[in-house]
Amino acid sequence: MTEGELTMAEAGSPQGPLTGKIALVAGATRGAGRAMAVELGRGGATVYVTGRTTREHVSEVGRATETIEETAELVTAAGGTGIAVPTDHLDPAAVRALTERIDREQGRLDLLVNDLWGGDVHVEWGKKMWEHDLEKGLRVLRLGVESHIVTSRYALPLLIRRPGGLLVEVTDGTEEFNRRYREPFYYDLAKSGPIRMTKGLATELPEYGCTAVCLTPGWLRSEAMLDTHFKVTEENWRAGCEQNPHFAISETPVFVGRALAALAADPDVARFNGQALSSGGLAKVYGFTDVDGSAPDAWRYITEVEQEGKPADTSGYR
């Protein structure tokens, strides 16, 4: 191992609720994936973080401002051990090599997080299925569905080696909300896919003592949401409410990161097997908050306020 791959005991780090746990966060370059990796590290876990954007290469997402190396450094700074492994999760050979490396270095895998995406750049919003560019649409499905399948195919044999393993599929939207059509066509399929994959794997994993759940953040104040869509920063994010007043229900990536860390540390996590969970819903179960001390229940708000055409008012929702 390199110096950056020392175990928690070797590094002399304080014990946390996830000390000794080995996690793979697939798609940890930025946004929810980065925050989830960091919060696992805060709990003491060793976290393999993967993605396509490195300090030498930028993925088709086109953002050079966030890299997997930086994510790994943040994991380590938080108290865990971050290990960056550049990986294209649509390349079976690369994913197989990744899982073989984890097996070789750690001999186990306790938590697999499929947070793979990157398809926004290909989504043609507002277009009918037959109007949407086919190549771009299929790329959306490859990035949002196939990448998850490839990763699970090679990582689950390692996860099921020991009872207590947890698979977390990450998507956008709760199961209830995603029963409606999340246009356009390809986006709808991509975001419904992880929920359905969770249902299937939740029937296959329990015999090995493992659990599968799906997890969604609410309205995520990701880097792109802040600096590209709303042209604001985390410090003045409320200025974005002038463009869309419902942005008031948004949450930082840390919120869903804390949701994941709570699941990973829960010895009774199997009670959620097969369920689609949200950061706002889990905050009610575990009692964690966002960085500002609030606990936004975004999907309930979106359903009951925004979708009903009511004026923006987060009272009772955060």
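This is a predicted model: local features need pLDDT of at least 70, side-chain atom pairs count only at pLDDT 80 or more; totals for chains, interfaces and linings use all residues.
Residues are numbered from 1 along each chain as its sequence is written, and side-chain values use heavy atoms, with hydrogens and water left out.

His89 has a relative accessible area of 3%, so it is buried (buried is under 20% relative accessible area, exposed over 50%, partly exposed in between, with a 1.4 Å probe and protein chains only). If you skip its neighbours within four places in sequence, His89 is in contact with Ala26, Thr50, Val95, Leu98, Leu116, Ser147, Val150 and Thr151, contact being heavy atoms within 4.5 Å. Ala26 is 63 residues away from His89 in sequence, yet the C-alpha to C-alpha distance is 8.0 Å.

Next, have a look at H3. Its buried residues are Ile68, Glu69, Thr71, Ala72, Val75 and Ala78, and they pack against H2, strand E2 (46-51) and strand E3 (81-86). Just after H3 comes Gly79, with a positive phi of about 125 degrees.

How do H2 and H3 sit against each other? Helix H2 (residues 31-42) and helix H3 (residues 68-78) have axes 7 Å apart, at an angle of about 25 degrees. Here axes are lines fitted to C-alpha atoms, for helices over the stretch in contact, and angles run from 0 to 180 degrees between N-to-C directions. H2 and H3 are therefore roughly parallel (under 35 degrees is roughly parallel, over 145 roughly antiparallel, 65 to 115 roughly perpendicular, and the rest oblique). On the H2 side, Arg34, Ala37, Val38, Gly41 and Arg42 meet Glu70, Thr71, Leu74, Val75 and Ala78 of H3.

The axes of H8 and helix H9 (residues 279-286) come within 9 Å and cross at roughly 50 degrees, so H8 and H9 are oblique to each other. This crossing is left-handed. H8 brings Phe255, Val256, Ala259, Ala262 and Leu263 to the contact, and H9 brings Ser279, Gly280, Leu282, Ala283 and Tyr286.

On to the rings. The structure holds 11 aromatic pairs, counted when ring centres of Phe, Tyr and Trp (its six-membered ring) lie within 6.5 Å; planes under 30 degrees apart are stacked, over 60 edge-to-face, and the rest tilted. One of them joins Phe177 and Trp299: the centres are 4.9 Å apart and the planes stand at 50 degrees, so this pair is tilted. Phe177 is in the loop between strand E5 (166-170) and helix H6 (185-204), and Trp299 is in helix H10 (residues 298-306), so the pair ties together parts 122 residues apart in sequence. Both Phe177 and Trp299 are buried. Elsewhere, Trp219, Phe230, Trp237 and Phe247 form one aromatic cluster.

Finally, two backbone details. Glu183 and Pro184 are joined by a cis peptide bond, with omega about 5 degrees, and Pro184 is in the loop between E5 and H6. Lys231, in the loop between helix H7 (223-230) and helix H8 (253-265), has a positive phi near 55 degrees despite not being glycine. Lys231 counts as exposed, at 64% relative accessibility.

Note on methods
Helices (H or I, at least four residues) and strands (E, at least two) are DSSP runs, numbered from the N terminus. A crossing is left-handed if the near helix is turned anticlockwise from the far one by less than a right angle, and right-handed if clockwise.
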